[in-house]
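Have a go at each task before you read its solution.

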Amino acid sequence: MKISHSYWQLFYAVYKKDLTLAFRQRAEIVNPLLFFLIVITLFPLAIGPEPALLARMAPGIIWVAALLSTMLGLDKVFRDDFNDGSLEQLIASAYPLPLSVLAKVLAHWTTTGLPMVLMAPVFALLMNLDSQLLSAMLLTLLIGTPLLSFIGAIGAALTVGLQKGGILMSLLVLPLYIPVLIFATSAIDTSSMSLAYGGQLAILGAMLAVAAVMAPLAISSALKVSVS
Amino acid sequence: MQVEGPNGAGKTSLLRIVAGFANADEGNVIFNGQSITDHYDEFATQLLFIGHKTGVNGQLTAYENVCHWLDVHGYERPTNIYEVLAKLGLVGLEDVPVRTLSAGQQRRVALARLWMNNAKLWILDEPFTALDKKGVILLQQQFAQQLSLGGSILLTTHQDLTTHFDDLKTLVLEYRH
């Protein structure tokens, strides 16, 4: 048996496995998107279809809907691997666990966050969002949704050992999403006043950079606790 | 080494502690003179662990499962993957999702790893579960192969090993309330 130590090989293997699984159960990709769409369409029904009011509320609504639909897929990130023992195999691999974790989180973002970013312009139309705000919203979603995946995966890793960890995970994770929500919606608000919103984006970017480095370590430790 | 004992004696717990998944209340696990908690990555290169939960994904095919395992453990994919699967009686089943296979066949997919590794230490928790008689014999032949290469095996089983191994040690755990 030849050994080929390559971090890329591990990363690609884990990432590809999760994507393959997601495409074999397409509901996993489609359900969060449909949920996203339904939440957004509920608001005009509930608060009235007045265009000015909707446009004012659109950034907040789209962002809250994005938070909630990210939560939908989170529980699955580690659950199946925990149940069938793949998680133990990843821990018992000669490669560092944080690298596998990074691949899994990015796979989660590719299947839930990225489709939301791509669909956002369509949903923005539903909410009568100004085209000038659209670029701000897309940028905040592009930086913000991976951040949601990273933070959420910490909660998923902590609760994966519990039988019904879903609700506990939401309680753990949603408060941690507040800073992301504040800066993202503030960026869009600022953009609506035709001011520069680079500051908020920079802070979101900084949070993403910190999360990308630190979250895999935290998730690995949480997974080891859950497995033992 | 074979670990024996009644249900609940702690066989699986012992194996999980030795594999480094759980921490012992007292004591250390030493491998090649080094504590595994301090040098886990080195230990992991020499370890092959198959537990009750085998790490085989039901949505993936047998071939994909084997390849994924090889990739994750840093082995180059050998050219004889299909031959190993054939030897394990999985001819024609390489490309169907594993969840559609029987329990014994699913376990064979996991056990295919034993033919494709160079780990010094195998830790196997009830490897014979769900295997038919032929499978048990095949597995024991592979055990003999591993031992002849200078490797070690730590396993739990309720069945007696039918093949004779010269340096078989048995550890009997007792159930205590």
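This is a predicted model: local features need pLDDT of at least 70, side-chain atom pairs count only at pLDDT 80 or more; totals for chains, interfaces and linings use all residues.

Residues are numbered from 1 along each chain as its sequence is written, while chains are lettered from A and ligands numbered from 1 in the order in which they are written.

**Exercise 1.** Count the helices and strands of chain B and give their order.

Start with the rule: helices (H or I, at least four residues) and strands (E, at least two) are DSSP runs, numbered from the N terminus. Chain B then has 6 helices and 7 strands. Reading from the N terminus, you get β-α-β-β-α-β-α-α-α-β-α-β-β.

**Exercise 2.** Find what share of the 177 residues in chain B is buried.

Call a residue buried if 20 or more other C-beta atoms, placed from the backbone, lie within 10 Å of its own. By that test, 33% of chain B is buried.

**Exercise 3.** Describe the side of chain A that touches chain B.

First, take two residues as in contact if their C-beta atoms, placed from the backbone, lie within 7 Å. With this cut-off, 25 residues of chain A meet 28 residues of chain B. Next, look for elements of chain A that give two or more residues to this side: they are helix 1 (7-24) and helix 4 (86-91). Helix 1 of chain A supplies the largest share, 7 residues.

Definitions and conventions: A residue is buried if 20 or more other C-beta atoms lie within 10 Å of its own, exposed if 12 or fewer, and partly exposed in between; C-beta atoms are placed from the backbone.
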